[in-house]
Amino acid sequence: MKIKNEDNICNDKVFSEIFKANSKTIYNYIYYKFGNEEKSYDAVQEAFVKLWENCAKVSPAKAKSYVYTVANNLYLNVIKAEKVRLKYADKTLKTTHETPEFLMEESEFKAKLDHALNNLPDNQRITFLLNRIDGKKYKEIAALEGVSVKAIEKRMHLALKSLREKIDGI
Amino acid sequence: MQENYLAKWLNNELSEAELEEFKNSDTYATYQQIIDASNALESPSFNTEEALAAVKNVHLFNDTKVVQLNPFKKFLSVAAAVAILLTGTYFYVNSLDEQISTQYAEKKEIVLPDNSEVVLNADSRLIYSNKNWNANRNISLEGEAFFKVAKGKRFTVATEAGEVAVLGTQFNVEDRKGFFEVTCFEGLVSVSFNGKETKLPAGSSFVAIDGQIVTDEKQNSIIPSWINAESTFKSIPLKFVLNEFQRQHNIIVETKNIDTNLLYTGSFSNTDANLALQSISTPSRIKFTLEGNKVLFYAEN
């Protein structure tokens, strides 16, 4: 007999909530790693289908790390990382009282940043982007990656440092 | 400056003094620029609702798959059970003796595994084993049958009264209550009766009535008359004749004031009951009345 519980992942509502809370982050996580949108989407699908199949065995508390592990293991050593292409939000364009020189410098800077990001080691890029784009705290990233908070701080520090060095052309 | 100060700076964990020192450094401007620019970064769009619907579709599909698989497994186990049962039954039935019997007024022709032929007269039973038939030709018989035996190993017909053994020939065996008759039509038949063996050449009969050997008569026909739907008797007590009539016509015979030990010689039809009744009653000078399924024989005064 299955445990008839509101906390059970087999319950459609509980499952949907877990999906809504985590799917976007998993998608981004895989994207920051491999730079492939299609593969990231597939990883989300795969991870949550597996979770559903094992819904009776996985407790809701473990569900998050379960789906991350599945998604993470899916492409382990299988696909080659591609260039991560990130967009810049249009909000800067609304304040167009900047001089053309400034705008040109800004777009030049963005191109440099893009290039620098792609040259970061995977784990530094993931940590940096999860923090900057997804607003994840160091503690959360540490839990996802299964490492200490200190290790994440180190990655963040190194990421920023090498980004600056790349941009400043040192 | 403490370890990983850049990470601490982003988390606002630097002390006043440290922050002052950092802001005064040459690199601060670029760091600030990186953070400003990265704050405007966006990841590729991801539609959560659509992705969730897709995952749910996969469950539905997977769920039905599971339902489809189960009956097939059940079907497999049932099929296996049936197959085992059938195989078992096949071997069991195969090892059973073959049994053939006839009712009143019925005749059957049987071909044995070695192409020997048997014609079974009314109210008779025949048992033989299909297994090892060619090495061991044994038949047990109750009633009357005509055998056309193919050449080969010893062919034995066992009855309650006696045993008949041959190599290849045509003969008739009749074993009724108190009446045992073997007639040989071709070849040589050996009859064991009460521990005594009698060799029966073609054209002769062996008859025993109530345990007594009665005659050793010459026979002219080449097959028993009952094969041609006629029952023939030669100096046989009337009671056996009447019993045979009852078997052939499925009519119950009753007698009144007649000596059924009187000998009867003659034949009657196995198809026409009225003709048969006359064939029996006229030579014996007795009368009969036929009522439905019963016939009463009574003495002529």
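Guide: Contact means that heavy atoms lie within 4.5 Å. By that rule, and not counting residues up to four places away in sequence, B:Arg176 touches B:Asn121, B:Ala122, B:Asp123, B:Ser124, B:Gly143, B:Glu144, B:Glu244 and B:Arg247. This is a predicted model, in which local features need pLDDT of at least 70 and side-chain atom pairs count only at pLDDT 80 or more, while totals for chains, interfaces and linings use all residues. Residues are numbered from 1 along each chain as its sequence is written, chains are lettered from A and ligands numbered from 1 in the order in which they are written, and side-chain values use heavy atoms, with hydrogens and water left out.

Visitor: Why is B:Arg176 called buried?

Guide: Buried means under 20% relative accessible area, exposed means over 50%, and partly exposed lies in between (1.4 Å probe, protein chains only). B:Arg176 has 9% relative accessibility and therefore counts as buried.

Visitor: Where does B:Arg176 lie among the strands of chain B?

Guide: B:Arg176 is placed in strand E9 (residues 170-176) of chain B. Strands (E, at least two residues) and helices (H or I, at least four) are DSSP runs, numbered from the N terminus.

Visitor: Why is the pair B:Arg125 and B:Glu142 called a salt bridge?

Guide: A salt bridge requires a side-chain nitrogen of Lys or Arg within 4 Å of a carboxyl oxygen of Asp or Glu. The closest N and O atoms of B:Arg125 and B:Glu142 are 3.2 Å apart, so the pair qualifies. B:Arg125 lies in strand E5 (residues 125-128) and B:Glu142 in strand E6 (residues 137-148) of chain B, so the bridge ties together parts that are 17 residues apart in sequence. Both are partly exposed, B:Arg125 at 30% and B:Glu142 at 42% relative accessible area. Elsewhere, salt bridges that share partners join B:Glu174, B:Arg176, B:Glu244 and B:Arg247 into one network.

Visitor: How many salt bridges does the rule find across the interface of chain A and chain B?

Guide: The rule finds three across that interface, and the count over all chains comes to 17. The side chains of B:Lys56 and A:Asp12 meet at 3.1 Å, N to O. This pair crosses between chains, from helix H4 (residues 48-95) of chain B to helix H1 of chain A. B:Lys56 is partly exposed at 22%, as is A:Asp12 at 40%. B:Glu49 and A:Lys20 also form a salt bridge, their closest N and O atoms being 3.6 Å apart.

Visitor: What else describes the interface of chain A and chain B?

Guide: In contact there are 44 residues of chain A and 38 residues of chain B. The two chains bury about 3800 Å² between them, 65% of it on carbon and sulfur atoms; buried area is the accessible area (1.4 Å probe) that two parts lose on being put together, summed over both. A:Arg132, A:His157 and A:Leu160 supply 16% of the area that chain A buries against chain B, more than any other three residues. The interface also holds 14 residue pairs in polar contact, both residues at pLDDT 80 or more.

Visitor: What makes helix H5 of chain A mostly covered?

Guide: Nine of the eleven residues in helix H5 (residues 122-132) are buried, among them A:Arg125, A:Phe128 and A:Arg132. Over the 170 residues of chain A, buried residues make up 45%.

Visitor: Which residues touch the most other members of the largest nonpolar core?

Guide: A nonpolar core is a set of buried Ala, Val, Leu, Ile, Met, Phe, Trp, Tyr and Cys residues joined through side-chain atoms within 4.5 Å. The largest has 65 residues, and A:Phe48, A:Leu51, A:Leu117, A:Phe128, A:Leu160 and B:Trp9 touch the most other members. Its largest share, eleven residues, comes from helix H1 (residues 12-34) of chain A. A second, separate core of 28 residues includes B:Leu112, B:Leu120, B:Tyr128 and B:Phe193.

Terms used. A polar contact is a pair of N or O atoms within 3.5 Å; within protein, one must be able to donate a hydrogen and the other to accept it, and residues adjacent in sequence count only if both atoms are side-chain atoms.
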